[in-house]
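Student: I have one request. Please take me through a single part of this structure, slowly and closely.

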Amino acid sequence: MLNSIGETRAVKDGLHNIILEIPEDVYMSFYGTLSEENAYDILKQYLNYHQDDGIPSDVKIKHNKNTHTVNIYANLHYLGNEKTEPKFYTDDAMGEEA
């Protein structure tokens, strides 16, 4: 699943923003329902997978039925963070379908 995610980032007034875009069929095959808890879980796994030490806040999730995508919006905080130990995955963290 993590390899299916598109990412957009921006910085405004020192605040980092991230948007993750996931095909709805991929999201639904793993989670089935939209929730901010699921969005936070995906975002944490995505950041870890890319060894990004950002700390997410204000996580929101929206389903765009017109484009058949699920979008996760969040702020990322970097100042004052400690370096975290990377976790390594043998393959896509959430299972890649062959």
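Student: Which residues are linked in a network of salt bridges?

Tutor: Glu7, Arg9 and Asp52 are linked in such a network. First, some ground rules. This is a predicted model, where local features need pLDDT of at least 70, side-chain atom pairs count only at pLDDT 80 or more, and totals for chains, interfaces and linings use all residues. Residues are numbered from 1 along each chain as its sequence is written, and side-chain values use heavy atoms, with hydrogens and water left out.

Now the network. A salt bridge here is a side-chain nitrogen of Lys or Arg within 4 Å of a carboxyl oxygen of Asp or Glu. By that rule the count is 3. Arg9 takes part in a salt bridge with Glu7, with the closest N and O atoms 2.4 Å apart. Arg9 also meets the side chain of Asp52, at 2.6 Å from N to O. Arg9 sits in strand 1, and Asp52 in the loop between helix 2 and strand 3, so this pair ties together parts that are 43 residues apart in sequence. (Helices, H or I with at least four residues, and strands, E with at least two, are DSSP runs numbered from the N terminus.)

How covered are these three? Buried means under 20% relative accessible area, exposed over 50%, and partly exposed in between, using a 1.4 Å probe and protein chains only. Asp52 is buried because its value is 16%. Arg9, at 36%, is partly exposed. So is Glu7, at 37%.

There is also a salt bridge between Lys60 and Glu36, with the closest N and O atoms 4.0 Å apart. Lys60 is in strand 3 and Glu36 in helix 2, so that pair ties together parts 24 residues apart in sequence. Lys60 is partly exposed, at 43%. Glu36 is partly exposed at 43% too.

Next, the sheet around these residues. Strands of a sheet pair through backbone hydrogen bonds, either parallel or antiparallel. Here 4 strands make an open sheet in the order 1-2-4-3, with antiparallel pairing. (Two strands pair if DSSP finds at least two bridges between them.) Strand 1 (6-12) and strand 3 (55-64) stand at the edges with a single partner strand each, so one side of each has no neighbour in the sheet. Strand 3 is joined to strand 4 by 8 bridges. Within that pairing, Tyr73 in strand 4 is the bridge partner of Lys60. Tyr73 is also the bridge partner of Ile19. Strand 2 (residues 15-23) and strand 4 (residues 69-77) are joined by 8 bridges as well. Strand 4 is mostly covered, with 7 of its 9 residues buried.

Last, helix 2. Helix 2 lies across strand 1, strand 2, strand 3 and strand 4, at about 120 degrees to strand 3. For that angle, axes are lines fitted to C-alpha atoms, for helices over the stretch in contact (heavy atoms within 4.5 Å), and angles run from 0 to 180 degrees between N-to-C directions. Asn38 belongs to helix 2 (residues 36-49). Asn38 is buried because its relative accessibility is 13%. Leaving aside neighbours within four places in sequence, Asn38 is in contact with Tyr27, Tyr31 and Thr33.
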